[in-house]
Amino acid sequence: MYLATVVAGCAGCHTPMGPQGPDMAKMFAGGMEFPEKWGTWRSPNITQDKKTGIGDWSDEAIATVIREGKRPDGSMVIPMMPYMRYNAMSDDDVKAVVAFLRTLPAVENTVAGNKDIKLPPMPPMPKPAGTAPAADPVEQGKYIANLMLCADCHTPMTPEMMPDMKNEWAGGMEWDMWPPGMGTGKTVSANITSDKKTGIGEWSEADIVTVLTTGKKKDGTMVGPPMVIFVPLWSQLKPDDAANVAKFIKSIPPIVRKNPKSTFKPGGPPPPGAPPADGGARQGRSEDGTDGREVDRHGRSRDRPGARRHPEGP
C-alpha cells in the first residue's frame, strides 16, 4: 500500500473528476482526462471490476503493464503511464503493488480510449532486472525518486516529444493546459541539479526533505502544480526514504540551465487546509507556489487529483 498510495500516488491519475472535484466514489476507477498538445489522455480503470477494470488480469499481467507498459493483448499503454521508470521496480515491490491493487473494490466505470494521441512510439523496455537497490543511501534514494517520478517532470522534452536526457533533472518541462477548473497559465519545472546558480546547489538535504514533505521551498514560498498534488502523499514518506531521496538529489551533477518562471494561477479558492497567501505551512501540492489540491494521508484526494507530469518543483 505504501508504494502505491504514498510513493507513486496512483490515485492521483486513476480517479476521475466530477463537478465538485475528484469523484471519490470512483477512486482508482480511471477516467481522469488531461488535455495535452499531443492529445487528451485518459487514465484506465485499475479496480478489480472484471468488465471495465483489471479484475480478470493475472498478477503477472499487472506486473508486466506496470514495469514494461505492455497489456495482456500485447498492445502498449501510452507513456503517461511511467513504466519506463517503474521498469526498475524490484520483484518484491511490484508484487506488493499488485497485492494492493487486488484489495481495491470493483467499480464499474467504462473509460473512453485514447484515440487521438500523437506521440512517437517508445522503444521496447527490457525485461526488469527485478533486483532491490544496494544498501547505499544514495542508491536507495535514487530508487525511491524513480518511483516518485521526479525526473519525469524535471526533464525537458525535445521537439520530437522525447525526454531530453542531456538535461535530465535540469527542469524546463512546460504545461499550459489543465483540466477544467484547475487553473490557468503555464507551469515550468525547476532545475533540481546541484548547480548553485540555476539549480538547488545551495539547498541542504534538510531543505530538500522539507520541500518534499511540506511543499515549502528554501525561500519560504510554496511549490505549485503538479508537485503540490503529491506533497500530501509524500508527507507520509518514511523518514529514511525522504532522507535518502535528498541525498540522491544532492548527488546529481550540476547542469547550468535557467528556466522561465511559472505563471500558473489556480482556478477558485484554495481548498480547506491550504496555507495563507503569505506562504504559511501547508500540506498542499503545487510547484510554482500557488494553490494546490489537498490529499489525505491515505492518498485520497480531497479536491482534484493531479496529473503526473506537471511540476515546477523546488
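Analyst: The model is a predicted one. The axes of H7 and H9 come within 9 Å of each other, with a crossing angle of roughly 120°.

User: Is H7 oblique or perpendicular to H9?

Analyst: Angles of 65 to 115 degrees would count as roughly perpendicular, and those over 145 as roughly antiparallel. The axes cross at roughly 120°. That makes the relation of H7 to H9 oblique.

User: Which residues of H9 does H7 meet?

Analyst: H7 passes H9 in a right-handed crossing. From H7, the residues involved are Glu-205, Ile-208, Val-209, Leu-212 and Thr-213. In H9 they meet Ala-242, Ala-243, Val-245, Ala-246, Lys-247, Ile-249 and Lys-250.

User: Which helices are included in what covers the buried residues of H9?

Analyst: The buried residues of H9 are Asp-241, Ala-242, Asn-244, Val-245, Ala-246, Phe-248 and Ile-249. Their cover includes helices H1 (2-7), H5 (137-148) and H7 (205-214).

User: How far apart are the end C-alpha atoms of H9?

Analyst: Helix H9 covers residues 239-251, which is 13 residues. At 1.5 Å a residue the helix should span 18 Å. The distance in the model agrees with this, at 19 Å.

User: What does Ile-66 touch, not counting residues up to four places away in sequence?

Analyst: With residues up to four places away in sequence left out, Ile-66 touches Met-81, Tyr-83, Tyr-86, Met-89, Val-94, Val-97, Val-98 and Leu-101.

User: Is Phe-28 buried or exposed?

Analyst: Phe-28 is in the loop between strands E2 (21-22) and E3 (33-36), and its phi is positive, near 70°. Most residues other than glycine have a negative phi. The relative accessibility of Phe-28 is 5%, and the limit for burial is under 20%. Phe-28 therefore counts as buried.

User: What is the relative accessible area of Trp-169?

Analyst: Trp-169 lies in the loop between helix H6 (150-153) and strand E5 (174-175). Trp-169 also has a positive phi, about 80°. The residue is buried, and its relative accessible area is 10%.

User: What is omega for the peptide bond from Pro-225 to Pro-226?

Analyst: Pro-226 sits in the loop between H7 and H8. Most peptide bonds are trans. The bond from Pro-225 to Pro-226 is cis, with omega near 5°.

How values were computed
Residues are numbered from 1 along each chain as its sequence is written. This is a predicted model: local features need pLDDT of at least 70, side-chain atom pairs count only at pLDDT 80 or more; totals for chains, interfaces and linings use all residues. Side-chain values use heavy atoms; hydrogens and water are left out. Helices (H or I, at least four residues) and strands (E, at least two) are DSSP runs, numbered from the N terminus. The expected span of a helix is 1.5 Å times one less than its number of residues. Buried means under 20% relative accessible area, exposed over 50%, partly exposed in between (1.4 Å probe, protein chains only). Contact means heavy atoms within 4.5 Å. Axes are lines fitted to C-alpha atoms, for helices over the stretch in contact, and angles run from 0 to 180 degrees between N-to-C directions. Angles under 35 degrees count as roughly parallel, over 145 as roughly antiparallel, 65 to 115 as roughly perpendicular and the rest as oblique. A crossing is left-handed if the near helix is turned anticlockwise from the far one by less than a right angle, and right-handed if clockwise.
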